[in-house]
Amino acid sequence: MLEFDFSELEKKLNEVSKKVGNTTLDKALKSGADVTIDAMKKTVPVDTGQLRDSLGILKKSGTGMNRQITVGITGKEREIIERGYYQEHGTRRMVGKKWMKKASENSEEDALDSIKKTLAEEIKW
């Protein structure tokens, strides 16, 4: 799950709260999620391309400053979801590679920068 703390921006956003709504926050979160998804696509374990192609935004939840976006395996095929899960967490016989966690951690700063840039563009700071 991709989570960002917007508390530092809350004061400035309250000043322009009429201009900033869920649509603006969604754009900002999507820009950060896209950075994370790209990082995940680069760290996908060896696969046929199906797992890589199934990565995307799973859901958006919350409102206002508590808005969150979840990224991961969006495919409907159970086999692809299981493959991704086992590659991430492992099995009794295989150690998980933690490829999604590593990608998320490695792209966190870039994702935050993308969110900040999108918010600044949207509210014209």
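Axes are lines fitted to C-alpha atoms, for helices over the stretch in contact, and angles between N-to-C directions run from 0 to 180 degrees. Helices (H or I, at least four residues) and strands (E, at least two) are DSSP runs, numbered from the N terminus. The model is predicted: local features need pLDDT of at least 70, side-chain atom pairs count only at pLDDT 80 or more, and totals for chains, interfaces and linings use all residues. Residues are numbered from 1 along each chain as its sequence is written, and side-chain values use heavy atoms, with hydrogens and water left out.

The protein has five helices and two strands. From the N terminus on, these elements run α-α-α-β-β-α-α. Buried residues make up 38% of the 125 residues in the protein. Here, buried means under 20% relative accessible area, exposed means over 50%, and partly exposed lies in between (1.4 Å probe, protein chains only). Contact means heavy atoms within 4.5 Å. Among contacts with a separation of 6 or more, 60% join residues 24 or more positions apart.

The axes of helix 4 and helix 5 come within 7 Å. They cross at roughly 75°. Helix 4 (78–89) and helix 5 (99–123) are therefore roughly perpendicular to each other. The cut-offs for this wording are as follows: angles under 35 degrees count as roughly parallel, over 145 as roughly antiparallel, 65 to 115 as roughly perpendicular, and the rest as oblique. Gly-84, Gln-87 and Glu-88 of helix 4 make the contact with Trp-99, Met-100 and Lys-101 of helix 5. By class, the residues of this contact divide into two nonpolar, two polar and two charged. Ala, Val, Leu, Ile, Met, Phe, Trp, Tyr, Cys and Pro count as nonpolar, Asp, Glu, Lys and Arg as charged, and the others, Gly among them, as polar.

Lys-98 lies in the loop between helix 4 and helix 5. Its phi is near 55°, a positive value in a residue other than glycine. Most residues other than glycine have a negative phi. Lys-98 counts as partly exposed because its relative accessibility is 33%.

Helix 2 also packs with helix 5, at an angle of about 150° and with the axes 7 Å apart. That angle makes helix 2 roughly antiparallel to helix 5. The crossing of the two helices is right-handed. A crossing is right-handed if the near helix is turned clockwise from the far one by less than a right angle, and left-handed if anticlockwise. Residues of helix 2 in this contact include Thr-24, Leu-25, Val-35 and Met-40. Those of helix 5 include Trp-99, Ala-103, Asp-110 and Glu-122. The contact of helix 2 with helix 5 has 12 nonpolar, nine polar and three charged residues.

Thr-24 has its place in helix 2. Thr-24 counts as buried because its relative accessibility is 7%. Thr-24 and Glu-121 are 97 residues apart along the chain, yet their C-alpha atoms are separated by 9.9 Å.

The largest nonpolar core has 19 residues. Such a core is a set of buried Ala, Val, Leu, Ile, Met, Phe, Trp, Tyr and Cys residues joined through side-chain atoms within 4.5 Å. Met-40, Leu-51, Leu-55 and Trp-99 have the most contacts inside the largest core. Helix 2 (22–43), strand 2 (68–73) and helix 5 each supply at least two residues of this core. Helix 2 gives the most, with seven residues. Leaving aside its neighbours within four places in sequence, Met-40 is in contact with Leu-55, Val-71, Trp-99, Met-100 and Ala-103.

Two loop residues complete the description. Val-44 is found in the loop between helix 2 and helix 3 (50–53). At 15% relative accessibility, Val-44 counts as buried. Beyond its neighbours within four places in sequence, Val-44 is in contact with Leu-51, Arg-52, Leu-55 and Trp-99. The C-alpha atoms of Val-44 and Gln-87, 43 residues apart along the chain, are separated by 8.7 Å.

Thr-74 is found in the loop between strand 2 and helix 4. With a relative accessible area of 30%, Thr-74 is partly exposed. Thr-74 and Leu-55 are 19 residues apart in sequence and 5.7 Å apart in space, C-alpha to C-alpha. Setting aside neighbours within four places in sequence, Thr-74 is in contact with Ser-54, Leu-55, Gly-56, Ile-57 and Leu-58.
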